[in-house]
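Subject: Structure handed over, with notes

Hello,

Here is the structure we spoke about. My notes follow below it.

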Amino acid sequence: MTLKKLRIGLVCPYGWDTPGGVQNHVRDLAEYLIAKGHYVSVLAPVIDEDAIPDYVSSAGKPISIPYNGAVARVLFGPIAFARVRQWISNGKFDLLHLHEPAIPSISLLACWAAEGPLVGTFHAAAKRQKAIFAIGPILEPVIEKLTARIAVSEAARSTLTEHLETDAVVVPNGIYADRYRDGEVRAQWSGNTLGFIGRYEEPRKGLSVLLDALPIIARFAPDVRVLVAGPGDSKEVQDQIDPELRHRFEFLGRISEKEKADFLSSVALYIAPNTGGESFGIILAEALAGGAAVVASDIPAFDSLLGKGEYGALFQSEDPQDLAKVVIGLLREDEKRRTLAQRGKAYAQRFDWDVVAEDIFSIYEMALVGSDGVTLSSENRAWNRFLGREGN
Amino acid sequence: MEKYFLIALLAIFALWYLSYSATRLDRLHHRVETSWANLDGLLQRRAAVALEIAKSEIADPASSLLLTAAAHQARDAQMQTRSQAESGLSGALGLLLNDGHLVEGFIEKDLLRELSELTDKIRVAIALHVDAVTRTQMVRQKPVFRIFRLAGTAPLPVTYEFEADVL
């Protein structure tokens with residue numbers, strides 16, 4: 001890293017105080033860069049303005065719109081645009097890093113309003129969408145302004161190439177690997193246990209696939225138990241479970257980081273039966289770093305994260321029988337399971353923030369070549385002059 | 001009267017669109033230049049590191065000679081011979097580093113680490129540059145840009161051969 005300290009502006013499109021992968025990524029990156037001594041400001045929509053850290057500026061309250069099979073809490077419109085412009089012109093940034101700039105959000109507005117070194121990170125992986133093709137011609141010149149593009153996975157990269165005909169450098173999402181390195185094995189979670197972490201009520205997380213596979217697994221491993229961690233109202237899900245299998249389930253609710261590390265060290269297998277909508281699979285990287293042997297569905301994001309089965313076993317997505325087969329195979333062979341977990345743990349170190357943030361920073365350095373900071377774009381300057389207000 | 005108003009409005013929009021497109025293309029040309037400057041700088045640094053390696057314990061006299069020649073060639077190459085020179089240097093470095101002999105000594109390890117970091121960066125820099133170039137070529141193909149000669153006298157950017165093969 002260079003000795004020069006930078007002023008970096010990060011734009012997060014989704015509500016800061018709502019849970020989500022992009023928000024976590026932006027928060028971790030911001031905190032990493034601050035720890036390295038850079039000045040960082042994050043612009044994000046915020047619901048509760050009293051409960052945000054110093055480095056976050058609120059762009060207003062997010063609104064909920066359905067997007068990519070989920071509800072996205074984003075923000076746009078003229079007032080938000082004014083806020084974005086004000087933030088850019090007051091911030092005197094050396095560089096802006098925009099997250100998910102291709103969806104209607106403050107990231108797109110910032111990309112439109114700014115001129116200078118702009119780095120964009122694309123998180124989402126989606127199937128071909130006609131809507132994006134329709135607005136492509138408008139989006140194209142804006143996305144084109146990005147000096148460098150980052151995709152978090154091969155899946156996100158191919159989404160980008162398909163929809164906007166531009167390429168990107170792949171830099172994975174980051175995890176704090178050392179938080180998961182030294183989990184303690186807890187007796188109540190070990191044995192023939194299958195772990196699952198996530199918002200299990202969402203169908204795309206695939207808990208129902210695991211439910212369907214369980215009767216078959218139980219026939220071969222009579223003492224198998226399923227431990228489910230994560231927020232949600234477990235009553236509703238429990239009612240769906242076959243009464244004969246109910247005693248095999250344990251719902252832990254939301255767990256702390258320490259508990260998560262212990263959880264990952266204790267369970268025999270970590271199961272990720274997601275049916276889609278994942279772009280990277282950060283939880284798999286964490287599970288690997290925690291030393292768990294992983295069984296995951298073969299959706300593109302997981303397939304590429306697990307190196308086509310090299311660092312974790314894959315089963316055919318949405319096929320409970322195949323899941324059961326893979327799980328039984330691994331439960332029977334302790335040795336195979338242990339080597340898989342060890343290989344995965346060593347591999348997961350490359351997702352550590354120390355590696356990932358250095359990669360991102362070296363892209364920053366490249367974007368900074370021959371520039372003198374971020375300003376409002378000339379189009380907006382002319383417009384401001386026309387309206388009689390100097391933006392900068 | 002209304003007709004003239006409409007025509008005037010259209011004319012204003014057309015003018016705005018042309019100015020907007022010209023800005024867009026100008027920005028792309030700028031991106032091509034800065035991404036090339038970045039790549040060029042990294043390649044110069046690689047040549048410097050290659051010279052250091054040639055002088056160090058890593059290289060035997062024969063490879064040292066080869067590497068020194070290749071590094072100097074890459075440094076001094078004119079635009080026309082740049083591709084050949086950079087590929088030559090990649091080849092010479094590859095020959096030396098892929099023969100599997102173990103490197104000892106602190107300075108030598110440091111040099112090799114620097115080289116591999118540089119190689120990673122160069123790979124990214126090439127991707128950025130190629131992206132800027134293809135983007136610019138694509139935009140300049142569009143009818144509006146061709147008919148109104150929005151590119152002016154700027155030369156059409158090209159990618160070099162060495163950028164195609166992975167280092």
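What share of the 392 residues in chain A is buried? The answer is 48%. Please keep in mind that this is a predicted model. Its scores are ipTM 0.84 and pTM 0.86.

Chain A overall

Chain A holds 15 helices and 17 strands. Its radius of gyration is 22 Å, which agrees with the value near 21 Å that a compact globule of 392 residues would have. Along the principal axes, the C-alpha atoms of chain A fill a box of roughly 75 × 40 × 40 Å. Of the contacts in chain A with a separation of 6 or more, 69% are between residues 24 or more positions apart.

The seven-stranded sheet

Chain A has an open sheet of seven strands in the order β3-β2-β1-β6-β8-β9-β10, and the pairing is parallel. The edges are taken by β3 (56-58) and β10 (169-170) of chain A; each has a single partner strand, so one side of each lacks a neighbour in the sheet.

Some detail on individual pairs:

- β1(A) and β2(A) pair in the parallel sense through five bridges. Within this part of the sheet, Arg7(A) is opposite Tyr39(A) in β2(A).
- β8 (residues 118-122) and β9 (residues 148-151) of chain A run parallel and are joined by four bridges. Arg149(A) in β9(A) is the bridge partner of Gly120(A).

Four of the five residues of β1(A) are buried, so this strand is largely enclosed by the rest of the structure.

Helix α1 (residues 21-35) of chain A touches β1 (7-11), β2 (39-44) and β6 (95-99) of chain A, and its direction makes about 160° with that of β2(A). Helix α5 (residues 154-164) of chain A lies across β8, β9 and β10 of chain A, at about 130° to β9(A).

The six-stranded sheet

Chain A also has an open sheet of six strands, in the order β13-β12-β11-β14-β15-β16 and with parallel pairing. Here β13 (249-253) and β16 (313-315) of chain A stand at the edges with a single partner strand each, so one side of each has no neighbour in the sheet. On average, and with direction ignored, neighbouring strands of this sheet are turned by 25° against each other.

Tyr270(A) stands opposite Val294(A) in β15(A). Helix α10 (residues 282-289) of chain A lies across β11 (193-197), β14 and β15 of chain A, and runs at about 165° to β15(A).

Chain B

The box filled by its C-alpha atoms is roughly 85 × 30 × 20 Å along the principal axes.

Of the 167 residues of chain B, 27% count as buried. Among contacts in chain B between residues at least 6 apart in sequence, those joining residues at least 24 apart make up 73%.

Ala14(B) is in helix α1 of chain B and counts as exposed, because it has 11 C-beta neighbours inside 10 Å, where the cut-off for exposed is 12 or fewer. From Ala14(B) to Glu33(B) the distance is 29 Å, C-alpha to C-alpha, over 19 residues in sequence.

The mean pLDDT of chain B is 86, and 95% of the residues score at least 70. Within chain B, confidence is highest in α1(B), at 91, and lowest in helix α3 (residues 82-97) of chain B, at a mean of 84.

The contact between the chains

How many residues does each chain bring to the contact? Chain B gives 16 residues and chain A gives 15 residues. On the side of chain B that touches chain A, α1 (2-55) and α4 (106-141) of chain B each supply at least two residues. The most comes from α1(B), with nine residues. By class, this side of chain B has seven nonpolar, three polar and six charged residues.

Regards

Definitions and conventions
Residues are numbered from 1 along each chain as its sequence is written. Chains are lettered from A and ligands numbered from 1 in the order in which they are written. This is a predicted model: local features need pLDDT of at least 70, side-chain atom pairs count only at pLDDT 80 or more; totals for chains, interfaces and linings use all residues. Two residues are in contact if their C-beta atoms, placed from the backbone, lie within 7 Å. Ala, Val, Leu, Ile, Met, Phe, Trp, Tyr, Cys and Pro count as nonpolar, Asp, Glu, Lys and Arg as charged, and the others, Gly among them, as polar. Two strands pair if DSSP finds at least two bridges between them. Axes are lines fitted to C-alpha atoms, for helices over the stretch in contact, and angles run from 0 to 180 degrees between N-to-C directions. A residue is buried if 20 or more other C-beta atoms lie within 10 Å of its own, exposed if 12 or fewer, and partly exposed in between; C-beta atoms are placed from the backbone. pLDDT is the predictor's confidence in each residue, from 0 to 100. The radius of gyration is taken over C-alpha atoms; the globule rule is 2.2 Å times the number of residues to the power 0.38.
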